Structures are given as structure tokens and as C-alpha cells.
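Hello,

Here is the structure for your files. My notes on the aromatic rings and the sheet follow below it.

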Amino acid sequence: MTRFTALVVLALAAACGHKAQPGAQATVSARATADMIHAVIAADRHAYTKQVVNRLTVAHEVTVVDPVHDTRARFAASESWRNDHASLPLPAQMLRLGAAQVAKARAGVTYTLLSSWPINDQNRPQTEVEKTALARLEKAPEPVYMRETLGDGHFLTAVYPDVAVVEACVRCHNHHPESPRTDFAVGDVMGALVIRIPID
């Protein structure tokens, strides 16, 4: 068990009112760990997409003053948010920023977004497990769990459907000039969130 897994389990046990016995080792399966991590990522992603991006860009169409150009602009979520003072990171970019921080922490867990219709080619499935799991998700949007060996490491690869939760999601993908698919609707599976947990 990784130290990260143990910390997650102990935190959950404390939240549920359970007390670990002195010297006892908490255990949890890799699949349960992946599900817990997914629940946190999905909740954060949903809150950011709905309460920030959709609220500012679709529901209220907020405008802001661009201090650099001294102009008013409609607030947007944009791929070029770092250079645009009137933009937020896209939800996918927020997820990648978080994933990069987790990688820096060397927790052993990794996560990413993939799609059969990626706007950016780096988000296309690469491994056979990713391709197989994504094909399954597109037929039935239920999580897929598979064992995978990458280099010298062995992983539980958990693949969850990434669903368009608000209008901002479908607008972005349907109107992007490089999008290979332009008919998404709210509730559609747009891709997958892949979580890898190291296993013995």
C-alpha cells in the first residue's frame, strides 16, 4: 500500500468516526482508492465547471475590463488564459494543473483526460488498455478497471466516463475550430478520466 493510500483511508476512517487501533495497518483495495480519488476529482471538476466557468461565461455572460488593452470583453474560458486577462482556464486545463501538482508530490497516483475526439492530440488514448476502456465507455458509461504494466510498474488503471455537465462544455467542443466532433449535447460522454494506482 502506498503512503498516499494509507492517508486517504485514515482520513476517511476519521471522517466516519472510526478509530484505528494502535499498531493496526489500514488497508483498502486499489479499486476503492481509485473510486475515492475519482469522487474528489469529479466533485471539484463539476463545481469549477458549473459554478465558475458556466456561471461566468454562459449563465450570466459577465464582461470585464481588460486592463492591458483598456477594453471591455466578455469573460471566457480559454486555452490562452495565461495571456488573456479576461479568461479562465478551461476545465480540462484545471484538471491538468492539478494532475501536475500531484505528479510533483510523487504520490504514485496519476490521472489524465482522454477522448476519442480530442481537440489536442496529446489527449488521444495511447495504450491498449486506454483504447479498450474508452471503447467500452462509449458503449456503456460505466467505470472500467484493468491491470496494466507500463515499463517496470504495475497499475490498476481505472477509467471513468467524462460527461458534459453544462452548456459551457458542449459549446466549447462544438465550436472549437479543431474539434473533430461538433454535435455534443449536455449529458454526453465526451471522453474519459483515467486514474492509475500503483499495485504490487
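First, the accessibility terms: buried means under 20% relative accessible area, exposed means over 50%, and partly exposed is in between, with a 1.4 Å probe and protein chains only. The model is predicted, so local features need pLDDT of at least 70 and side-chain atom pairs count only at pLDDT 80 or more, while totals for chains, interfaces and linings use all residues. Residues are numbered from 1 along each chain as its sequence is written, and side-chain values use heavy atoms, with hydrogens and water left out.

Aromatic pairs

Rings of Phe, Tyr and Trp (its six-membered ring) pair if their centres lie within 6.5 Å; planes under 30 degrees apart are stacked, over 60 edge-to-face, and the rest tilted. That rule gives two aromatic pairs. One is Trp-117 with Phe-184, edge-to-face, at 5.7 Å centre to centre and 75° between the planes. This pair links distant parts of the chain, 67 residues apart. Trp-117 is in the loop between β5 (110-114) and α4 (128-139), and Phe-184 is in the loop between α5 (167-175) and β8 (189-198). Helices (H or I, at least four residues) and strands (E, at least two) are DSSP runs, numbered from the N terminus. Trp-117 is partly exposed at 21%. Phe-184 is buried at 5%.

Tyr-145 and Tyr-160 form an edge-to-face pair too: 6.1 Å between centres, 90° between planes. Tyr-145 is in β6 (residues 144-150) and Tyr-160 in β7 (residues 153-163), 15 residues apart. Tyr-145 is partly exposed, at 22% relative accessibility. Tyr-160 is buried, at 2%.

Charges over rings

The criterion: NZ of Lys or CZ of Arg within 6 Å of the ring centre and within 35 degrees of the ring normal. Arg-31 lies over the face of Tyr-145, 3.9 Å from the ring centre. Arg-181 has its charged end over the ring of Trp-117, 4.7 Å from the centre.

The sheet

Two strands pair if DSSP finds at least two bridges between them. Four strands make an open sheet, in the order β5-β8-β7-β6, with antiparallel pairing. β5 and β6 are at the edges with a single partner strand each, so one side of each has no neighbour in the sheet. Axes are lines fitted to C-alpha atoms (for helices, over the stretch in contact), and angles run from 0 to 180 degrees between N-to-C directions. Neighbouring strands are turned by 25° against each other on average, direction ignored. β6 and β7 pair antiparallel over seven bridges. Leu-150 stands opposite Gly-153 in β7. α4 packs on the sheet and touches β5, β6, β7 and β8, where contact means heavy atoms within 4.5 Å. The direction of α4 makes about 170° with that of β6.

Best wishes
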